Amino acid sequence: MEKLQACPHCSNEEIKPEHNYCGVCGLELKHEVFEGRIREIVREEMAAAATTAILVEEIRLLEVRKRRTVERITDPAECQQILAALEVRRCSLQSSLQQLG
C-alpha cells in the first residue's frame, strides 16, 4: 500500500506507515491512501479510453483517405504508393490499439 508523505487535510508531515489516523487532525489515513489510489486508477482508465477513441478515429479517417485516394488519383503507381503508405500507418495505429487492450 502507498505511504502518505503528509496528511491531505492538515499537511502534518509526522506520518508513519503504521498510523491509521493523523495525530494532528484525526483524519483516517488508510482511507485517504485507498481513495487516492482509486482516483489514480480512474484517471489512468479515462486516459486510456481517450487514447483508444483517438486511435479508432484516426483509423476511420485513414479509411476515408484511402477511398478518396482511389477516387482522385489517376496514376496507378502514385495511387498504390499512397495506399501503401496509408496502410503502413493503419497497421501501426491498429497495433497501438491492440496494445491498449
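Let us begin with Cys7, which counts as buried at 2% relative accessibility. This value, like the others I shall present, is computed from a predicted model. Cys7 takes part in no disulfide, although the sulfur of Cys25, the nearest cysteine sulfur, is 3.6 Å away. A disulfide is a covalent bond between the sulfur atoms of two cysteines.

Cys10 is partly exposed, with a relative accessible area of 30%. For the structure as a whole, the number of disulfides is zero.

I turn now to the overall form. The protein contains two helices and zero strands. Its radius of gyration is 25 Å, whereas a compact globule of 101 residues would have one near 13 Å. Along the principal axes, the C-alpha atoms fill a box of roughly 75 × 20 × 15 Å.

How much of the protein counts as buried? The figure is 20% of the 101 residues. The accessible surface comes to about 7,600 Å², and carbon and sulfur atoms account for 54% of that area.

Next, the contacts. Among those with a separation of 6 or more, 38% join residues 24 or more positions apart.

Finally, the charges. There are 14 positive and 17 negative side chains in the protein. The centres of these two sets lie 6 Å apart.

Note on methods
Residues are numbered from 1 along each chain as its sequence is written. This is a predicted model: local features need pLDDT of at least 70, side-chain atom pairs count only at pLDDT 80 or more; totals for chains, interfaces and linings use all residues. Side-chain values use heavy atoms; hydrogens and water are left out. Helices (H or I, at least four residues) and strands (E, at least two) are DSSP runs, numbered from the N terminus. The radius of gyration is taken over C-alpha atoms; the globule rule is 2.2 Å times the number of residues to the power 0.38. Buried means under 20% relative accessible area, exposed over 50%, partly exposed in between (1.4 Å probe, protein chains only). Contact means heavy atoms within 4.5 Å. Accessible areas come from the Shrake-Rupley method with a 1.4 Å probe; for residues, only the protein chains shown count as cover. Lys and Arg count as positive and Asp and Glu as negative; His and the chain ends are not counted. The place of a charge is taken as NZ of Lys, CZ of Arg, CG of Asp or CD of Glu. A disulfide is a pair of cysteine sulfur atoms within 2.5 Å.
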